[in-house]
Amino acid sequence: MKKILVTGAAGFIGYHIVKRLLERGDEVVGIDNINSYYDVRLKYSRLKETGINQAEIADKELVPSATYSHYRFIKLNLTERDELNKLFETEKFDVVCNLAAQAGVRYSIDHPFTYIESNIVGFANVLEACRQNQVEHFVYASSSSIYGLNEKVPYSEDDQVDRPESLYAATKKADELMAHAYSHLYQLPTTGVRFFTVYGPWGRPDMAPFLFMKATMNGTPIKVFNHGDMERDFTYIDDVIQGLEKIIDKPTTGQTPYKIYNIGDSSPVKLMDFIHTIEAVTGKEAVKEYVGMQPGDVYRTYADVSLLEKDFGYKPQTSIQEGIERFYDWIVSYGASFD
């Protein structure tokens, strides 16, 4: 059993990895600032699923879970360095899984400083706290967006990633560079994870799978970017957690203990095929509004996961049909009210 800090614990992937770690018996502390980038009711609902009640949450105070005796949560912004350092000094974490970030490619175009503060300043604060407190393994979220304008597919961890298409992607590249510096200078084991279009129950309402599903169910228009001529490596949340859990358990080694992994389905789906699957599952035809490519978007994402397969035996299990069916069942039961 390890003592693990998960930042972004009220987020989509954060919620799922917290639940997995708790179910297997690890002691977990979750952090989230619960910002209003998307519907905070969804964030509080995720926390409730792990026994953290909204009424008991107070800034900078650890709240015990009503469901798991080995889980506590604290509402804290990672830019609050002094408070973050106190938490690290008191708790003595074995592993840190940093999933907190300001997400969203398009939002970064008009809100640049939000990304600098969260994804660079906040990240650096966590990284330094790990160094000062002898954390055994620092795992952090990167993104498939980092591949930017690369034309070679599938995307491999060895590809050059110095042509970001958005500020969001640039901040994720900066995170990887900072992690490498800390691994090299201080022998801090760091592992970055480049996620590819994650979807599923408790997913983000600002992402295409959620937006398309709800709009199709409600008969409202969906914007089909680049007139539908796009491909995405849609990856079901359970497959992501399978890979992330394995990575958390195996600190990187070597003279510079630094590693990067793609986590994706490695099976790009045409955007129109994705929409047609939603239509088949919901039994409704989507109202489509065809528009051009948005600034910051890329035509295709496609993960080469051979390194993850070699090191951990990773193999995604969930087909797009099965994943959309599960996602639809969750929205019908829980998610229809979230925006």
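## Reading the labels

Helices and strands here are DSSP runs, numbered from the N terminus; a helix (H or I) has at least four residues, and a strand (E) at least two. With those labels in hand, we can take a walk through the structure. Please keep in mind that the model is predicted.

## An open pocket

Let's start with the second largest pocket, whose volume is about 220 Å³. Which residues lie nearest its centre? They are Glu157, Asp158, Arg194, Tyr258 and Ile260, and they belong to a lining of 14 residues.

Two elements, helix H6 (167-186) and strand S12 (258-263), each supply at least two residues of this lining. H6 gives the most, with four residues. What kinds of residues surround the second largest pocket? Its lining is made up of seven charged, five nonpolar and two polar residues.

## An enclosed cavity

Now for a space of another kind. How many cavities of 30 Å³ or more does a search of the whole structure find? The search finds one. The largest cavity has a volume of about 40 Å³.

The residues that line the largest cavity are Phe12, Val198, Tyr199, Gly203, Arg204, Met207, Pro209, Phe210 and Phe327. Strand S8 (198-199) and helix H7 (208-218) are the elements that give two or more residues to this lining. By type, the lining of the largest cavity holds seven nonpolar residues, one polar and one charged.

## Salt bridges across the chain

How many salt bridges does a search of the whole structure find? The count is 26. One of the pairs brings together the side chains of lysine 2 and glutamate 136, at 2.9 Å from N to O. This pair links distant parts of the chain, 134 residues apart: lysine 2 sits in the segment before strand S1 (3-7), and glutamate 136 in the loop between H5 and strand S6 (137-143). Lysine 2 is partly exposed, at 35% relative accessible area, and glutamate 136 is also partly exposed, at 36%.

Another salt bridge joins the side chains of glutamate 231 and arginine 300, at 3.2 Å from N to O. Because glutamate 231 lies in strand S10 (residues 231-232) and arginine 300 in the loop between strand S14 (287-290) and helix H10 (306-312), the pair ties together parts that are 69 residues apart in sequence. Are these two partners buried or partly exposed? Glutamate 231 counts as buried, because its relative accessibility of 11% falls under the 20% cut-off. Arginine 300, with a relative accessible area of 23%, is partly exposed.

A further salt bridge is formed by the side chains of lysine 259 and aspartate 311, at 3.3 Å from N to O. Lysine 259 belongs to strand S12 and aspartate 311 to helix H10, so this pair ties together parts 52 residues apart in sequence. Lysine 259 is partly exposed, with 27% relative accessible area.

## A nonpolar patch on the surface

Which residues form a nonpolar patch on the surface? They are Phe113, Ile116 and Val121, and together they have about 280 Å² of accessible area.

Take a closer look at isoleucine 116, which is found in helix H5 (residues 112-132). Its relative accessible area is 31%, so isoleucine 116 is partly exposed. Patch residues need over 30% relative accessible area, and isoleucine 116 has 31%.

## Backbone details to look for

Valine 153 and proline 154 are joined by a cis peptide bond, with an omega of about -5°. Where does proline 154 lie? Proline 154 is in the loop between S6 and H6.

Next come two positive phi values. Lysine 60 is a residue other than glycine, and its phi is positive, near 65°. Lysine 60 has its place in the loop between helix H2 (40-49) and strand S3 (62-64), and at 40% relative accessible area lysine 60 is partly exposed.

Threonine 197 is not a glycine either, although its phi is positive, at about 35°. Threonine 197 lies in the loop between strand S7 (190-195) and S8. Is threonine 197 buried or exposed? Its relative accessibility is 16%, so threonine 197 counts as buried.

Technical notes
Residues numbered from 1 in each chain as written. Predicted model: local features only at pLDDT ≥ 70, side-chain atom pairs only at ≥ 80, totals over all residues. Heavy atoms only, no water. Patch = residues over 30% accessible without salt bridge, like charges linked within 9 Å, V, L, I, M, F, W, Y side chains within 5 Å. Areas by Shrake-Rupley, 256 points an atom, 1.4 Å probe, with all protein chains shown as cover. Salt bridge = Lys/Arg side-chain N within 4 Å of Asp/Glu carboxyl O. Buried < 20%, exposed > 50% of the residue type's maximum accessible area, 1.4 Å probe, protein only. 1 Å grid on protein atoms, 1.4 Å probe; cavity = no way out; pocket = protein on both sides within 12 Å on 5 of 7 lines; lining within 4 Å. Points joined across faces, edges and corners; volume = space filled by probe spheres on them. Nonpolar A, V, L, I, M, F, W, Y, C, P; charged D, E, K, R; others polar.
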